[in-house]
Amino acid sequence: MNEKDIEMSKRMADRFGIVTAAASGMGRAGALRFAREGAAVAVVDLDEAKAREVADAITAAGGQAFALAGNLMDEDFARGIVQETRKRFGRLDFLWAHAGHPSVSRVEGLDLREFDVAMNLNVRAAFASAIEAIPHMRERGFGSVLFTSSTSGVIGSPFSPLYSVAKWGLIGLARSLAKRYGPEGMRFNVVCPGTTDTPMLDVLVSRPDEEETKGRNLDELKRVRAAGNPMGRAARPEEVANAALFLLSQEASYVNGASLLVDGGKTA
Amino acid sequence: MSTMQLQDHHAVVTGAARGLGAAAARRFVAEGARVVIADIDLDAAKRCALDIDPGGERAAAIACDVADPAACEALVEASEAFFGAPVDVFLAHAGMGFAGALAEAEPARVRRVVEVNVLGALFCARAALPSLARSPRAASLIFTSSLQGVMARAQRSVYTASKHAIVGLTKALALEAAPQGVRVNAIAPASTDTPFLRTQLEAAGAQDIDRAVAQAAAAMPLGWLPTPEDFADAAVFLASPAARSITGHNLVIDCGASAGIFRRG
């Protein structure tokens, strides 16, 4: 096996925190990377088996992690992950509230329960976890929270207005929290990925209620979507995790209320 | 009519909720055995048992932290209750990986790895041997060692030490249990080709996972990595009457990696 054991100082040494939706995609890439950089990670996801796999892989590599499975739409769970992590690790330094939901394409004739779902998982869950984390971060005098918005959080999504509502909302949330809690040493930032090669991309290019994409070849749809940016490809999950790593680490100690686009130049 | 190799055998597998342990447990059932799926993660063990046998007749899940001697004893007792008979095959597979420079390792984590990998195997054996001795069949105790039980790797000192310990344990217990008709062997797999391997490579810092897996396979004399099915095959063999004259043996499933220095081409 290719082991380049280059001695580098670890970028998240002595940091203890949470990554949600960490069983696959960007969250998984983040959990694995943060752990390699010295962080202890609570791997949170709906998929218990996959969350454990990520946690086990981290542990087997000499890092520290445990899996927490549950549904973040359940408020008790969204809050509980903070308490459980604090209990297991003794402290909480970072939270990447990454879990999101692609929502639906529809506007006219929309059942407004879809609105609730879009807001629940994309915003409410992140908000709930963040407010639980605040007292713990206040105790330590520092802490870093990261939300995941999207290019659809800085421009209007032509595909899903509901998705844009949620993703714009997260940026507003981060900016406000940054202003209120910055004096206490806490930072709230946002990462805005463009087209990224993760399981969710399958849904983002072809939402279940989208007429235009029904029955079309998924690989072709993804190829076309990925080609729609200056770099001509989708981001790798690691490329978004790299940005998350920076924003959550001490290297970003003066970065607060910021939205970092990782979109290949799409919205430039 | 095909003869199943483990017809009517009663088998216990620890660390059986996932991976190699689950693969072996599944194969045991396929070969006619009834199996207890033991794991520290009861939910995962139950899912595995249900998946192997939805009827719940041939596979049952029992929680067990092998580092706890009382839990191992309770496991054997509960297994005998499920079988209505002594244990015929015990695959002490539960173990954990651990990597990193020893100088940077936290003592508590080192301790846990040794507790699970070495003491766990010991306590399972201690609890299972009396039952195995009462088995009407040629009883078989199987440990899971590793390629790191015969060959070392840097950044794996704790894991290597724990797996070398298994090899010694296997030999000693083979001698101790032979008079009671119980055979004791070990299986030593190299890293197996599974999705988990890919996650491990990524956790360890590999940038291009496909390439890392391909490199690992290319470094093996046979040109591929062993699979969970290879492990299951070995477990069935050692558990079966076909291995009646094999005891104290460490069966290495490593595609030739430990045979010597190998350069392709």
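**Sheets, packing and contact**

Trainee: In what order do the strands of the open sheet of chain A stand?

Mentor: The model is predicted, so local features need pLDDT of at least 70 and side-chain atom pairs count only at pLDDT 80 or more, while totals for chains, interfaces and linings use all residues. Residues are numbered from 1 along each chain as its sequence is written, and chains are lettered from A and ligands numbered from 1 in the order in which they are written. Helices (H or I, at least four residues) and strands (E, at least two) are DSSP runs numbered from the N terminus, and two strands pair if DSSP finds at least two bridges between them. On that basis chain A has an open sheet of 7 strands with parallel pairing, in the order β3-β2-β1-β4-β5-β6-β7.

Trainee: Which strands of chain A stand at the edges of this sheet?

Mentor: An edge strand here has a single partner strand, so one side of it is left without a neighbour in the sheet. In chain A the strands in that position are β3 (64–69) and β7 (259–262).

Trainee: Which residue is the bridge partner of A97(A) in β5(A)?

Mentor: Strand β4 (residues 94–97) and strand β5 (residues 143–148) of chain A run parallel and are joined by 4 bridges. Within β5(A), the bridge partner of A97(A) is F147(A).

Trainee: What angle does the direction of α1(A) make with that of β1(A)?

Mentor: Axes are lines fitted to C-alpha atoms, for helices over the stretch in contact, and angles run from 0 to 180 degrees between N-to-C directions; contact means that the C-beta atoms of two residues, placed from the backbone, lie within 7 Å. α1(A) packs on the sheet and touches β1 (16–20), β2 (40–45), β3, β4 and β6 (186–193) of chain A. Its direction makes with that of β1(A) an angle of about 160°.

Trainee: Which element gives the largest share of the side of chain A that touches chain B?

Mentor: The contact takes 16 residues from chain A and 18 residues from chain B. On the side of chain A, the elements that give two or more residues are α1 (25–36) and α2 (48–60). The largest share, 7 residues, comes from α2(A).

Trainee: How many bridges join β1 to β2 in chain B?

Mentor: Chain B has an open sheet of 7 strands with parallel pairing, in the order β3-β2-β1-β4-β5-β6-β7. The bridge partner of A11(B) in β2(B) is V35(B). Between β1 (residues 10–14) and β2 (residues 34–39), which run parallel, the number of bridges is 5.

Trainee: Is S258(B) buried, partly exposed or exposed?

Mentor: S258(B) lies in the segment after β7 of chain B, and leaving aside neighbours within four places in sequence, S258(B) is in contact with L147(B), V150(B), M151(B) and V252(B). A residue is buried if 20 or more other C-beta atoms, placed from the backbone, lie within 10 Å of its own, exposed if 12 or fewer, and partly exposed in between. S258(B) has 15 C-beta neighbours inside 10 Å and therefore counts as partly exposed.
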